[in-house]
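Hi,

Here is the structure I promised to pass on. Have a look at it first, and then read my notes below.

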Amino acid sequence: MTLTAQHDEAARRLERIAHAAGENVVTPGHAVGERYLVDWSGDYRGRAFALARPRTTEEVASVVAACAAEGVPITVQGGHTGLVGAASPLGDGDEVIVSLERMGRVRAIDVVGGSVTVEAGAILAEMKAVVEEAGAFFPLSLGAEGSCHIGGNIGTNAGGVNVVRYGMMRDLVLGLEVVLPDGSILSDLRGLRKNNTGYDWKQLFIGAEGTLGIVTAACLKTFPKPTQVETLWLAAASPAAVMAIYKHLRKRAGDLLSAFELLEGDAVALSTHLTDVEDPLGEAEYGAYALVELSAVGGPRLRPWLMDELAAMIDSGLVPDGVVAESLAQATAIWRIREAVVEAQSMTGKHLRTDVSVPIEAIPGFLEEAHELIAERAPGGRSVSYGHVGDGNIHLNVVRRSEADEAAFLACLPALEQEINALVDRHGGSISAEHGIGISKRGAFAARMDGPVLSVARLLKNGLDPAGLFGRDRIFSTQARTSDET
């Protein structure tokens with residue numbers, strides 16, 4: 001077929017998809033804006049055959065059915081805040097991007113039953129505000145919540161800071177509405193807490209990164225809104241000392257503990273140096289810090305008990321210094337330190353990002369070995385480590401020191417990442433705690449899949465998407481991989 005004939009056939013294919021989708025749904029690839037083509041990190045930039053922005057589940061189904069008929073692959077996109085390239089189009093320009101940004105409606109809230117039914121394109125922070133206005137609480141909390149979509153949270157099984165009390169996104173989903181790769185709609189949004197009639201099919205699509213179906217709506221758990229929230233910023237000598245604080249508070253506070261974050265001293269120093277945040281403990285520098293949140297609905301006042309508890313921890317030497325936020329503004333400022341760490345490391349230029357988990361007890365030993373590894377393999381690097389202690393999730397990142405040669409630093413990162421992944425393996429952990437696999441981790445993922453796991457994965461993929469049109473080359477590719485490729 002000549003180039004002219006190929007171009008004409010592509011134009012006819014696009015016209016048929018646009019006609020099936022309905023008016024003002026499909027934009028041709030040459031007119032697709034940059035924000036749909038480049039991911040948040042800037043690491044991935046692709047091209048699109050077309051962009052579809054459906055307004056209803058039925059329009060999503062029409063787009064998918066038309067693409068299936070034409071053999072056109074699909075990449076589903078939410079807020080495009082992911083970090084592994086799962087929602088970024090590939091570079092060949094063959095894919096239709098299906099953006100759910102027009103589907104952001106909160107369909108129903110049941111405060112008594114504890115649920116909210118919401119469309120996949122709803123922005124997390126905006127949905128949380130609607131739920132709060134109704135007198136309830138949705139606990140998922142993460143740095144990108146002002147941009148990320150509910151569908152993306154489900155597709156990546158998002159975690160965030162409240163996992164220690166409420167669990168991952170998987171634990172918050174009661175029901176889903178999904179468009180399958182043939183254009184059919186699979187739906188159960190009843191929000192039942194108990195339902196043992198057959199397979200729990202919704203779990204297949206949570207964390208599948210858009211490779212098995214397109215989530216268009218979800219019924220999610222809500223909780224009573226906390227009436228008391230206390231935020232603490234605690235100093236510690238080391239990550240091991242932070243873990244001792246965690247064990248103490250876990251035992252003493254139980255389910256009142258809603259968040260527990262570990263930040264190493266270098267991470268805090270970087271954020272206070274490069275951004276506008278300030279350490280509430282002043283200029284004293286510590287090896288590590290714990291950012292702690294406790295919350296309760298009603299009941300006795302937390303504050304008197306908490307002040308006594310903090311005093312006892314200081315007197316015993318468990319905590320060298322600490323503060324309890326005296327206002328919402330101060331609590332916000334403390335949480336801002338955690339967010340600023342992410343901003344600060346981006347300001348240093350290209351760097352190594354990891355998202356790993358290890359058993360909670362293994363965190364101190366893992367970090368100690370990781371620091372030795374970084375010092376040996378990347379002498380121009382600086383560790384910026386922080387994470388969610390209650391679920392073992394550590395973001396072990398490495399930025400370039402200002403005096404180090406940039407080219408030499410960047411050259412050592414691929415091998416360093418492989419060695420960090422191997423260290424995670426030795427500690428019985430996971431190379432992806434909450435960001436997913438996408439494109440960037442598919443090689444490392446494939447290298448860790450044994451035969452039965454790979455067989456089940458391919459059975460699911462081939463059974464639901466036999467033509468391989470959804471999320472092409474995300475999570476795992478059609479090619480066998482035996483090493484950590486990025």
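**What I found**

Setting aside its neighbours within four places in sequence, F445 is in contact with I431, I437, I475 and F476. Keep in mind as you read that this is a predicted model.

You'll find F445 in helix 13, which covers residues 442-447. Is F445 buried, partly exposed or exposed? F445 is partly exposed, as its relative accessible area is 22% and the cut-off for buried is under 20%. One of its contacts is F476. Along the sequence, F445 and F476 are 31 residues apart, and in space their C-alpha atoms are 7.6 Å apart.

Now move over to helix 11, residues 363-377.

Which residues of helix 11 are buried? They are I363, F366, L367, A370, L373 and I374. If you look down the axis of helix 11, these buried residues fall within an arc of 125°, so they line one face of the helix. There's a handy bit of background here: an α-helix has 3.6 residues a turn, so residues three or four places apart point the same way. Turned away from the buried side of helix 11 is a face with the exposed residues E368, E372, A375 and E376.

What covers the buried residues of helix 11? The cover includes two helices, helix 7 (239-253) and helix 12 (406-426). It also includes strand 13 (257-264), strand 16 (356-357), strand 17 (381-388) and strand 18 (393-400).

Helix 7 deserves a look of its own. Its axis and that of helix 11 come within 8 Å and cross at roughly 165°. That makes helix 7 roughly antiparallel to helix 11. Their crossing is right-handed. Where they meet, P239, A240 and M243 are on the helix 7 side, with I363, P364 and L367 on the helix 11 side.

Helix 7 also meets helix 9, which is residues 302-315, and here the axes come within 13 Å and cross at roughly 145°. The crossing of helix 7 and helix 9 is right-handed. From helix 7, H248, L249, R252 and A253 meet W305, E309 and M313 of helix 9.

Cheers

Terms used
Residues are numbered from 1 along each chain as its sequence is written. This is a predicted model: local features need pLDDT of at least 70, side-chain atom pairs count only at pLDDT 80 or more; totals for chains, interfaces and linings use all residues. Side-chain values use heavy atoms; hydrogens and water are left out. Helices (H or I, at least four residues) and strands (E, at least two) are DSSP runs, numbered from the N terminus. The expected span of a helix is 1.5 Å times one less than its number of residues. Buried means under 20% relative accessible area, exposed over 50%, partly exposed in between (1.4 Å probe, protein chains only). The arc is that of the directions from the helix axis to the C-beta atoms. Contact means heavy atoms within 4.5 Å. Axes are lines fitted to C-alpha atoms, for helices over the stretch in contact, and angles run from 0 to 180 degrees between N-to-C directions. Angles under 35 degrees count as roughly parallel, over 145 as roughly antiparallel, 65 to 115 as roughly perpendicular and the rest as oblique. A crossing is left-handed if the near helix is turned anticlockwise from the far one by less than a right angle, and right-handed if clockwise.
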